[in-house]
Protein chains: 2
Amino acid sequence: MAEPNETPWLNDDEQRMWREWLHLDAELLATLNREMQAEAGLSNPDYQVLAVLSESPEGRVRISDLAASLQWERSRVSHHVARMEKRELVSRLECPDDGRGAFVRITGTGQTAIERAAPGHVRAVRRLVFDALTPEEVARLGEIFHRLRSRIGLSAE
Amino acid sequence: MAEPNETPWLNDDEQRMWREWLHLDAELLATLNREMQAEAGLSNPDYQVLAVLSESPEGRVRISDLAASLQWERSRVSHHVARMEKRELVSRLECPDDGRGAFVRITGTGQTAIERAAPGHVRAVRRLVFDALTPEEVARLGEIFHRLRSRIGLSAE
DNA sequence: GGCGGGTAGGTGATGCGTCATGTATCGTTC
DNA sequence: GAACGATACATGACGCATCACCTACCCGCC
C-alpha cells in the first residue's frame, strides 16, 4: 500500500465491497449505454434528456428546468442540447416571456428514437439489476443509497 | 412515460432505488474526484494508475498488465499514461525483452503525489461510505454487488 | 432613465473514455 | 527463412463532463 500507517486502510470486507462497487458501476453503465446505442442510437444522457422532454405536457422545457430535473449543471445541458440539436433529436425555441431564456423541444426524430429505445432500456435494467434482487433487497438498497446520498455535501473538503 | 404499455415499467420502490443509485454514483465519484484534485492534483484514474505502479515490486509495469489490473482497455491505458507522462507523474521505458512492449514507471513527482493523496482519499471513502454502514450492510452489499456483477455479460444484447 | 446585481444561457479549453484503425514486432508453420 | 496471423501499443476522431468565463437580459432602485 502506498499510504502511511497512520491512516487506517479499509478492512478486507470493505475493500472487497468497494472494489466490487466501482467495477459494477462502470460495467453497468457501460452495458446500458452500449445496448441503447446499438438499439436506438442514443446514449444514456440522450435518453434522460428525451425522457424529460417527452413527459412534459407543453412539449417544451426551459434549459434551467431541464437542468433541475436532471440535476445537471446548466452548462452541461447547454453543451448536450447543442450536440443533440445537430443530430436533430431536439430543437431550440426562443422564449417570448424572457429574452434570456430558451426552450428545448423534442423533434419527431427524437420522439421516434426514444420510443424505440425505451422498452429495451427498461428490459435491460430489469435483466441486469432487478431480476437478481428480491423486493426486500430493493427496499434495503433504496434506503442505504438514500442514506449515503444525504450525507454527501455535509462537512466536505 | 414514454414507453408503450407492453413493457412493464419499474414499480415505485424499484424506480426510487434506481434513481437514488444513479444519482449517488454520480455524486460520490464527483466528490471523491474533486477532493483528490484539490488535495493532490490527481484525478481518480490518476490515483488508480499510480496505486498499481507504486505497489509493483519492480517499480515498472507493462501497459497490458496495467490494463489487466485496472480492468481498462489497453487503449485507455495508453491515452491515460500519455497524459500522465506530460505531467511527469509517470515515465515510459522501452522493454528490452519484447520490441513491441513498453514499461511504465512512477516518477518521483508521481510518488510524492500519491503519498499526498492517499490518506485523504481513504478518509474520504470512509467518511462518505463506510462511516454510514454497519459491518452487516457492508457484507450484504459486497455480496449483492458481486452477484450483479457476475450476471453482466451473460446473455447480453 | 440609468445604474447595479443577479439570472439565463452560451462558449472554449481541457480531461476522460471509446471505437476504429494503424504499425511494429513476435511466433509459428511451412 | 519467408509468410501469416496474433499481439502490444499508439493515434485520431469523436462524444461526454467540468470549469472558467462571457454576453445578454431582467428587475429593483435611486
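Predicted model: local features only at pLDDT ≥ 70, side-chain atom pairs only at ≥ 80, totals over all residues.
Me: Where should I begin with the nonpolar core, and which residues have the most contacts inside the largest one?

Reply: The largest nonpolar core has 40 residues, and A:Trp21 and B:Trp21 have the most contacts inside it. Then look at the elements behind it. Helices α1 (12-40), α5 (108-128) and α6 (135-151) of chain A each give two or more residues, together with α1 (12-40), α5 (108-128) and α6 (135-151) of chain B.

Me: Which residues is A:Trp21 in contact with, leaving aside its neighbours within four places in sequence?

Reply: In chain A, A:Trp21 is in contact with A:Phe145 and A:Leu148. In chain B, the list is B:Trp21, B:Leu24, B:Asp25, B:Leu28, B:Val129 and B:Phe145. There is also a second, separate core of 27 residues. Among its residues are B:Ala40, B:Leu66, B:Trp72 and B:Met84.

Me: Now the interface. How many residues of each chain are in contact with the other chain, and how much area is buried between them?

Reply: Take the residue count, then the area. Here 63 residues of chain B are in contact with 63 residues of chain A. The buried area is about 6300 Å², and carbon and sulfur atoms give 65% of it. On the chain B side, B:Met17, B:Phe145 and B:Ile152 lose the most area to chain A. Together they make up 10% of what that side buries.

Me: How many salt bridges and how many residue pairs in polar contact are there between chain B and chain A?

Reply: The count is 8 salt bridges. For polar contacts, it is 15 residue pairs, with both residues at pLDDT 80 or more. Next, see which elements of chain B touch chain A. Helices α1, α2 (44-55), α5 and α6 of chain B each supply at least two residues. The largest share, 17 residues, comes from α1(B). By class, this side of chain B has 36 nonpolar, 8 polar and 19 charged residues.

Me: Are A:Arg147 and B:Glu137 buried or partly exposed?

Reply: A:Arg147 counts as partly exposed, at 22% relative accessibility. B:Glu137 counts as buried, at 7%.

Me: Which residue of chain B meets A:Arg149 in a salt bridge?

Reply: B:Glu20 does, at 3.2 Å, N to O. A:Arg149 lies in helix α6 of chain A and B:Glu20 in helix α1 of chain B, so this pair also joins two chains. A:Arg149 is buried, with a relative accessible area of 18%. B:Glu20 is buried too, at 12%.

Me: Which residues are linked with B:Arg149 in a network of salt bridges?

Reply: A:Glu20 and A:Glu27 are linked with B:Arg149. In the pair of A:Glu27 and B:Arg149, the closest N and O atoms are 3.2 Å apart.

Me: What about a pair within one chain?

Reply: Look at A:Asp46 and A:Arg87, with their closest N and O atoms 3.1 Å apart. The pair links distant parts of the chain, 41 residues apart. A:Asp46 is in helix α2, and A:Arg87 is in the loop between α4 (74-86) and β2 (90-94) of chain A. A:Asp46 is buried, with a relative accessible area of 3%, whereas A:Arg87 is partly exposed, at 38%.

Definitions and conventions: Residues numbered from 1 in each chain as written. Chains lettered and ligands numbered in written order. Heavy atoms only, no water. Core = buried A, V, L, I, M, F, W, Y, C linked by side-chain atoms within 4.5 Å. Buried < 20%, exposed > 50% of the residue type's maximum accessible area, 1.4 Å probe, protein only. Helix = DSSP H or I, 4+ residues; strand = E, 2+ residues; numbered from the N terminus. Contact = heavy atoms within 4.5 Å. Buried area = accessible area lost by both parts, 1.4 Å probe. Salt bridge = Lys/Arg side-chain N within 4 Å of Asp/Glu carboxyl O. Polar contact = N/O pair within 3.5 Å; in protein donor to acceptor, adjacent residues only side chain to side chain. Nonpolar A, V, L, I, M, F, W, Y, C, P; charged D, E, K, R; others polar.
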